Amino acid sequence: MSDDIEIEAKKRFQIEEAILILLLILSLVGIGITDFSPADGYGYWLIMVVIFAVFAIIIGWTQSKHRPEDFKIILREQSIHWGTSVWVVIGVFFIHQLGKISDDDVGLVILLILSLATMLDGLRVGWRFSLVGLFLWSSAIIAAYTQHFLWIEVMIAFLIVLGTILWEYWQEKRAL
């Protein structure tokens with residue numbers, strides 16, 4: 001029985017780590033798109049909100065007992081959380097259309113909204129999601145301060161992945 005629990009934990013770690021890496025890569029792509037074309041960045045980040053929601057549902061499901069009622073709860077909570085995030089992003093778009101937010105700034109504002117939504121959802125689905133949120137937050141702040149930020153972001157993403165792998169390794173060794 002203990003082996004089954006260990007196998008399940010290792011499988012969950014692999015899924016969560018793969019999602020972390022994929023979200024970081026997609027975030028880096030979005031940061032690059034937003035830097036190159038702020039107008040295209042808006043659409044990309046709106047799609048990313050939906051992708052983040054799907055991955056949050058997947059992580060929640062892998063952590064549950066796989067009962068139908070668990071899935072309904074996860075789906076309801078995630079739909080409310082990410083649905084409201086989409087509404088806020090759409091609100092930013094409308095404000096941008098009115099000329100109250102510049103083309104250069106709209107992507108950063110949406111990135112900050114996504115970072116907040118991701119960090120808060122990390123409280124529900126796990127600390128790796130919060131790390132992605134912190135990464136998005138740092139990306140927005142760094143991009144606001146410097147034009148040559150993509151390499152800095154790649155390095156931060158690499159350190160996050162390395163840190164999570166080392167953390168898991170340390171946790172395994174400590175448990176022995």
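**Helix packing and buried residues in a predicted model**

Me: In this predicted model, does Phe13 count as buried or exposed?
Reply: Phe13 has a relative accessibility of 16%. The cut-off for burial is under 20% relative accessible area. Phe13, a residue of helix α1 (residues 2–36), therefore counts as buried.

Me: Which residues does Phe13 touch, not counting residues up to four places away in sequence?
Reply: Phe13 and Thr164 are 151 residues apart along the chain, and their C-alpha atoms are separated by 9.9 Å. Once residues up to four places away in sequence are set aside, Phe13 touches Arg128, Thr164 and Glu168.

Me: How is α5 oriented relative to α6, roughly parallel or roughly antiparallel?
Reply: Helix α5 (residues 127–145) packs on helix α6 (residues 150–175) with their axes 10 Å apart and at an angle of about 160 degrees. An angle over 145 degrees counts as roughly antiparallel. The orientation of α5 to α6 is therefore roughly antiparallel.

Me: How many nonpolar residues does the contact of α5 with α6 have?
Reply: On the α5 side, the residues that meet α6 include Leu131, Phe135 and Ile142, and those of α6 include Ile152, Ile156 and Trp167. By class, the contact of α5 with α6 has 3 charged and 3 polar residues, and its nonpolar residues number 9.

Me: Which residues of α6 are buried?
Reply: Helix α6 has 26 residues and reaches 38 Å from its first C-alpha to its last, close to the 38 Å expected. Among the α6 residues that meet α5 are Glu153, Ala157, Ile160, Thr164 and Glu168. The buried residues of α6 are Glu153, Ala157, Ile160, Val161, Thr164 and Glu168.

Me: What is the handedness of the crossing of α2 and α3?
Reply: The axes of helix α2 (residues 38–63) and α3 come within 9 Å and cross at roughly 165 degrees. The two helices are therefore roughly antiparallel to each other. The crossing of α2 and α3 is right-handed.

Me: Into which classes do the residues of the contact of α2 with α3 divide?
Reply: Residues of α2 in this contact include Leu46, Val49 and Phe52, and residues of α3 include Ile74, Leu75 and Trp82. By class, the contact of α2 with α3 divides into 16 nonpolar, 3 polar and 1 charged.

Me: How far apart are the end C-alpha atoms of α3?
Reply: At 1.5 Å a residue, the 30 residues of α3 should span 44 Å. The computed separation of the end C-alpha atoms of α3 agrees with that span, at 42 Å.

Me: What covers the buried residues of α3?
Reply: Among the buried residues of α3 are Asp70, His81, Val92 and His96. The cover over the buried residues of α3 includes α2, α4 (103–125) and α5.

Me: Leaving aside its neighbours within four places in sequence, which residues is His81 in contact with?
Reply: His81 lies in helix α3 (residues 68–97). With a relative accessible area of 14%, His81 is buried. Beyond its neighbours within four places in sequence, His81 is in contact with Ala117, Leu120, Asp121 and Arg124.

Me: Which residues does Ser130 touch, not counting residues up to four places away in sequence?
Reply: Ser130 has its place in helix α5. Ser130 is buried, with a relative accessible area of 17%. Apart from residues up to four places away in sequence, Ser130 touches Thr118, Met119, Gly122 and Leu123.

Terms used
Residues numbered from 1 in each chain as written. Predicted model: local features only at pLDDT ≥ 70, side-chain atom pairs only at ≥ 80, totals over all residues. Heavy atoms only, no water. Axes fitted to C-alpha atoms, helices over the stretch in contact; angles between N-to-C directions. Helix = DSSP H or I, 4+ residues; strand = E, 2+ residues; numbered from the N terminus. Parallel < 35°, antiparallel > 145°, perpendicular 65-115°, else oblique. Contact = heavy atoms within 4.5 Å. Nonpolar A, V, L, I, M, F, W, Y, C, P; charged D, E, K, R; others polar. Buried < 20%, exposed > 50% of the residue type's maximum accessible area, 1.4 Å probe, protein only. Expected span 1.5 Å × (residues − 1). Left-handed = near helix turned anticlockwise from the far one by under 90°.
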